[in-house]
Amino acid sequence: MTITQDGSRSTAGAASERRGMNLTLRIWRQKDPTVKGKMVTYKVSDVSPDMSFLEMLDVLNERLILDGDDPVAFDHDCREGICGMCGVMINGMAHGPQQTTTCQLHMRKFKDGDTIDVEPWRASAFPVIKDLAVDRSALDRIIQSGGYISVPTGTAPDAHAVPVPKKDSDAAFDAATCIGCGACVAACPNASSMLFTAAKVTHLGLMPQGQPERNDRVVNMVAQQDREGFGGCTNIGECSAACPKGISMENISRLNHDLLGALRAGARPKS
Amino acid sequence: MTVTDSGQRRTPKAAKTNSVFKKVVMAVSGIVMLLYLVAHVVGNLKVFAGRESFNSYSEWIRTVGEPAVPSYTVLTVVRIVLIVAVVAHFWAAVSLWRQAKRARPDRYVTKKAVAQSYASRTMRWGGVIVLLFIVWHILDLTTGTVNPDGDASPYDRLVASFSNPFSTAFYVLALILLGMHLRHGIWSATQTLGQSNKRRERTVNAFAIAFSTVLIAGFLLVPFSVLFGLVD
């Protein structure tokens, strides 16, 4: 199974291939949103430490298919850490023991003989579709409620036509790296999407193009977040520690600052 | 992202109120109570100036503002402000607690805490215990209802209460819980009121720890002094 890409590591690779890891997986199986799920135990043997976590699940699924069983449903797309689809809870931590996406988590982070618990994101706003796959369209609706700028179409303006201070552009870019994976919600003891919403509010709120809709944006996005049934933020910090992009808690403070300013300026959410 | 069913799935209930607004209520009422605690600890330390000084301070609290306003006026105003703050703080907490419960009805089989502090984890139940403590504390030292020496002067009531090791142990426990509550509360209020950023984060947290430690140490000084016979 192991593909050694460079000669220098081939000896070590061959050795670990021969040994392989034997793992016990306890995976959440749930047929559809309407039934109750449960943890089911699977043994996976001869796992290469160079596999990603998703590749390990692929190996399990291949076997389940050959055995005539139902493969484990999990979301994934780019498998290069930028799309945010592959969120699962691994051993009680969003995306597992490393602060990255599940596709970028490699089996070398585990030891031979480990038991690994795999669960879907748990939040009433993220209903389980099947097994490990959840519906995160609540986050899309938060974006739809204000996470955009309204601009006329036409020729793209010159990049240097609207100057942005370096400090602001850096902070906005840091916030814009959010991939909407939902790890913040999954890790939050309150199942709050505050870090996600704060990243979007900060990203646009620091840009000159985001100013005209700044007040409406924050009140509408917070209202939509509450409407979706997410919890409230209690500034615990699990979100930021779980975020594969390292979005910081200061974004939440900035959202709160913007919201208070917007409410004082008379902005009210659209009902 | 995957879309299974579109549109407005849920709970118009939460939409009417705003979770951030509730946090602001929590932060502001918390700050009001915090300022009161500062005044409270300064008053407490008068116990070291002796029985006369402490008892006359207690009398002054009730008569301050006389003869411009009748006695108890200032005290009543302070009490009303505090009751409003406690009710508001409690309302916001319960409401956000329920929202959090609704937001995650099915719990994880395995969940590991990565970043949370003991203080942040104990905000809710710790807050409830602190509330019960405040009720006990008022019955003990303000009204004297549960005090072994209920009809005595404020100073003697205090000595009577803290001469009992069980009473002192309860005070110490509740005060430590309160200290942790303040430690997370100060940080959280700064975030909620939008006054934190990456640069200030370390300072805010250091201040929160220092402030709550000094405040609680000030409060603990009195019961321990009674227990060890420094005040009698």
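This is a selection-by-selection tour of a predicted model with chains A and B.

Residues are numbered from 1 along each chain as its sequence is written, and chains are lettered from A, with ligands numbered from 1, in the order in which they are written. Because the model is predicted, local features need pLDDT of at least 70 and side-chain atom pairs count only at pLDDT 80 or more, while totals for chains, interfaces and linings use all residues; side-chain values use heavy atoms, without hydrogens or water.

**Both chains**

Select chains A and B together. Their contact (heavy atoms within 4.5 Å) takes 61 residues from chain A and 51 residues from chain B. The two chains bury about 4,500 Å² between them, 49% of it on carbon and sulfur atoms. Buried area here is the accessible area, with a 1.4 Å probe, that two parts lose on being put together, summed over both. Zero salt bridges are found across this interface, a salt bridge being a side-chain nitrogen of Lys or Arg within 4 Å of a carboxyl oxygen of Asp or Glu.

**Domains of chain A**

Next, colour residues 7–119 of chain A as domain 1 and residues 136–148 + 164–264 as domain 2; these bounds come from an automatic or database domain assignment. The C-alpha centres of the two domains lie 30 Å apart. Their contact takes 11 residues from domain 1 and 14 residues from domain 2. Between them the domains bury about 820 Å², 54% of it on carbon and sulfur atoms. Now pick A:Gly84, A:Ala94 and A:Gln99: they supply 48% of the area that domain 1 buries against domain 2, more than any other three residues. The salt-bridge count between these domains is zero.

**A:Lys36**

Go to the loop between strand E1 (21–29) and strand E2 (38–47) of chain A, where A:Lys36 is placed. Strands (E, at least two residues) and helices (H or I, at least four) are DSSP runs, numbered from the N terminus. Is A:Lys36 buried or exposed? A:Lys36 is exposed, with a relative accessible area of 75%. The classes are buried under 20%, exposed over 50% and partly exposed in between (1.4 Å probe, protein chains only). For a distance check, A:Lys36 and A:Lys200 are 34 Å apart, C-alpha to C-alpha, and 164 residues apart in sequence.

**Helix H3 of chain B**

Finally, select residues 51–63 of chain B, helix H3. Show B:Phe54, B:Asn55 and B:Ser58, which are buried. Seen down the axis, the buried residues fall within an arc of 95°, so they line one face of H3(B); the arc is taken from the directions from the helix axis to the C-beta atoms. Among what covers them are helix H2 (19–44) and helix H7 (154–162) of chain B. Just after H3(B), B:Gly65 takes a positive phi of about 100°.

How values were computed: Expected span 1.5 Å × (residues − 1).
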